[in-house]
Amino acid sequence: MRWLVLLPSAAATLETLSTNNCIKDDKVSVMITQEQFPALTGAARYDNPKTDFSYPKLDERSNWNCDDCAYHMNGAFSKPQLISKIMSHYGLDPKQPHDRAKVIFWDDLPDNISKTNADMPEVHTVHVHENIDGEPNSGGLGIQESDVTAGWAPFPK
């Protein structure tokens, strides 16, 4: 069984990635060069068309903000709308409750969690800390191991 695991975004500040090279250069390229997501970029399925499914390259603009792209940051859409687009990329039907039940979504904003719970009640949501260092407005997702465990807890191993 394939599971779709969604963090708030690969980089929470990429609101204008599709139209702004500065953001791409400032945020996405840094994700790659600093190896911020080694479990993703080092995975056998990362940018590998020879596998049954593949995670697209993070730093390829065409992989962002299209109707069925794997990566999205577009403030014009709600989180449930973006989750639907990502589900479509991975062959899941966002209109089907049994497919929505395969999605785990972590987010640091209570409004995003509430909206997702209201629009897609089958999606398993986990509210995480706003930041890692505990300083207000310091930015960044403060996802911790306990949050990851909470996300997977309802599902069989």
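**A strand and its surroundings**

Guide: Let's start with β2 (residues 103-107), which runs parallel to strand β3 (residues 124-127), with four bridges joining the two. Strands pair when DSSP finds at least two bridges between them. Strands (E, at least two residues) and helices (H or I, at least four) are DSSP runs, numbered from the N terminus. In that pairing, tryptophan 106 of β2 sits opposite valine 126 of β3. Getting from β2 to β3, the chain goes through helix α5 (residues 110-119), and this β-α-β crossover is right-handed: with the strands pointing away from you, the path from the first strand over the helix to the second runs clockwise.

A quick word on what you're looking at: it's a predicted model, where local features need pLDDT of at least 70 and side-chain atom pairs count only at pLDDT 80 or more, while totals for chains, interfaces and linings use all residues. Residues are numbered from 1 along each chain as its sequence is written, and side-chain values use heavy atoms, with hydrogens and water left out.

Back to β2. Five of its five residues are buried, meaning under 20% relative accessible area; exposed is over 50%, and partly exposed is in between (1.4 Å probe, protein chains only). Side chains in a regular strand alternate between the two faces of the sheet. Here Val103, Phe105 and Asp107 point one way, Ile104 and Trp106 the other.

Earlier in the chain you'll meet helix α3 (residues 79-89). Eight of its eleven residues are buried, so α3 is largely enclosed by the rest of the structure. Among those buried residues are Leu82, Ile83, Ile86 and Met87. After α3 comes glycine 91, with a positive phi near 80°.

Asparagine 63 is buried, at 16% relative accessibility. Its side chain reaches the backbone oxygen of lysine 57 at 2.8 Å. Leaving aside neighbours within four places in sequence, asparagine 63 is in contact (heavy atoms within 4.5 Å) with residues including Pro56, Cys69 and Tyr71.

That Cys69 has a partner: cysteine 66 and cysteine 69 form a disulfide, with sulfur atoms 1.9 Å apart. A disulfide here is a pair of cysteine sulfur atoms within 2.5 Å, and by this rule the count is one. The torsion about the S-S bond is about 115°, so the disulfide is right-handed. Cysteine 66 is partly exposed at 28% relative accessibility, while cysteine 69 is buried at 3%.

How values were computed:
Polar contact = N/O pair within 3.5 Å; in protein donor to acceptor, adjacent residues only side chain to side chain.
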